[in-house]
Every structure is written in C-alpha cells, then in structure tokens.
Amino acid sequence: MKSEQSILPDLQLLLSPKDKETDSNIICSLTDRKGNILYVNDKFCKISGYQKNQLIGSNHNIINSGLHSKDFFKEMWRTVGNGNIWQGEIRNKTKNGDFYWVDTIIFPVHNSTLSTKQYFSVRTLINEKKKAELERTKRIEELQSLLFKVSHGLRQPITQLMGITELLGLASEEEITNLEEIVQFMNVSTKMLDSCTRELSQHIEHIAKHEQHIKNKEK
C-alpha cells in the first residue's frame, strides 16, 4: 500500500490530465485535516486570483465569502471527517473581493492504515446556474407582489361597487334621496378599479418581456 508521503505526488499526477479542456474546467485542491492547503491546480489560482505560493500553506478559509453559516461548514467537516464524501454548492470570494459559486465534491484521502489524513476537493463553476436561480427568485417575488395587488387593490373597489348595487337593488325610489352622492362614490370606486387594472397590465407586460428576454438568452 502507498505510504502517506506518496499520496501527494500521486494526486498531482492524477490532476495533470492530457485533456486540456478538462483541466481548464476543474478546480482542484488538497488540504490537511485542519483545512490548510497542500496543493491547488492552475484553475484554482485563475478563479481565486491568488498565486500558488499565496495559497499553499494558507487555510482554505482564505476564500471564505462569509455567506455560509458556521453550522454549514461544521456539517461539511463532520461528513468528510467521518470518512464520507460531501457534495454541495459553495460561494467563495476571490482575492479582489468578487464572489463565485462552485459545485463542490470533497472526499477523504486515506493513508496506509486507512486513517483520513487529507481532503481532496473537485469543483466546477456554477455562476450561470446561480444567476438563473436569482432571476427565477426575482420573478417569483414579482408574481407574489402582483398577487398581493390583485387581492388587495382590486378587492376594495369591487366590494364597494357590489355593496352599492345591492343597496340600490333593495331601495325604493323614495329611499334614493341622494343619487348624486351615490354616483360620485361609484365614480371613485371605478377609478380605483381602473388604476389597479392598468397597473396589473403593466406588471404582466413587464414579466412577459422578462420571460422573453430569458428565452432569447437560452437560444
């Protein structure tokens, strides 16, 4: 079986594929059990903005974006510490402060006694995926806002008009003494209704244009 000292060279050989396209898309690193970086490939340096000599020996939290909670990372370390593979999406931070998302797989590297000594990570960029998710969330929020306006903005004038028409239907001609005031009240309600429907149409048009823009980008 391989000795602990031979693990890193073997992994470096594994991380130097002949397929340049694969190498240019995969972000790899190797850390010890404390998260200190032992190895990074060129893609890691390119994406993070750090030089290799700035990363080797540093703790992996050098690229921590601050988005994820302590519990998030505790669970991650607990999983790999127990000898299991961990997979998840992480937002990291570059040297100049920009953020980037990666789909990450971390698995333990064992020595000759099968004890976990290091952690090997493979990542792929998923910035476009997260951007699409953000746009989808924005559209959902817009729809929720639209539903709120429908349920509140339209309900009031409709209820008022229904109440007036019901009263008019029950009242005799002698009881309708102030027709001018009733007409004025109905006019206010219809204007409110017209304003809400116009705003509703504008929201629908905006969402439709946004959806069309998304479809054009996907072509």
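A salt bridge is defined here as a side-chain nitrogen of Lys or Arg within 4 Å of a carboxyl oxygen of Asp or Glu. The model examined is predicted, so that local features need pLDDT of at least 70 and side-chain atom pairs count only at pLDDT 80 or more, whereas totals for chains, interfaces and linings use all residues. Residues are numbered from 1 along each chain as its sequence is written, and side-chain values use heavy atoms, with hydrogens and water left out.

The structure contains 5 salt bridges. In one of them, the side chains of E89 and K130 meet at 3.0 Å, N to O. This pair links distant parts of the chain, with E89 in strand β3 and K130 in helix α6, 41 residues apart; helices (H or I, at least four residues) and strands (E, at least two) are DSSP runs numbered from the N terminus. The side chain of E89 also forms a salt bridge with that of K129 (2.3 Å, N to O). Because K129 belongs to helix α6 (residues 127-170) and E89 to strand β3, this pair ties together parts that are 40 residues apart in sequence. A further salt bridge joins the side chains of E133 and K130 at 3.0 Å, N to O, and these two residues both lie in helix α6, 3 residues apart, about one turn of the helix.

Accessibility was classed as buried under 20% relative accessible area, exposed over 50%, and partly exposed in between (1.4 Å probe, protein chains only). K129 counts as partly exposed at 40%, E89 as partly exposed at 24%, and E133 as partly exposed at 25%.

Strand β3 (residues 86-93) runs antiparallel to strand β4 (residues 99-110), and 8 bridges join the two; strands are taken to pair if DSSP finds at least two bridges between them. W86 stands opposite I106 in β4. The hairpin of β3 and β4 has 5 residues between the strands, and in this hairpin G97 takes a positive phi near 95°.

Helix α5 (residues 70-81) has 12 residues and reaches 16 Å from its first C-alpha to its last, close to the 16 Å expected at 1.5 Å a residue, the expected span being 1.5 Å times one less than the number of residues. In α5, M76, T79 and V80 are buried. These residues cover an arc of only 90° around the axis, which puts them on the same side of α5; the arc is that of the directions from the helix axis to the C-beta atoms. K70 and D71, on the other side of α5, are exposed. Just after α5, G83 takes a positive phi of about 85°.

A nonpolar core is a set of buried Ala, Val, Leu, Ile, Met, Phe, Trp, Tyr and Cys residues joined through side-chain atoms within 4.5 Å. The largest such core has 17 residues, of which V40, F44, L55, W86 and I106 touch the most other members. At least two residues of this core are supplied by each of β2 (37-40), α3 (42-48), α5, β3 and β4. Contacts of L55 (heavy atoms within 4.5 Å) are made with I37, V40, F44, C45, S48, Y50 and I62, not counting residues up to four places away in sequence. A second, separate core of 5 residues includes C28, L30, Y39 and F120.
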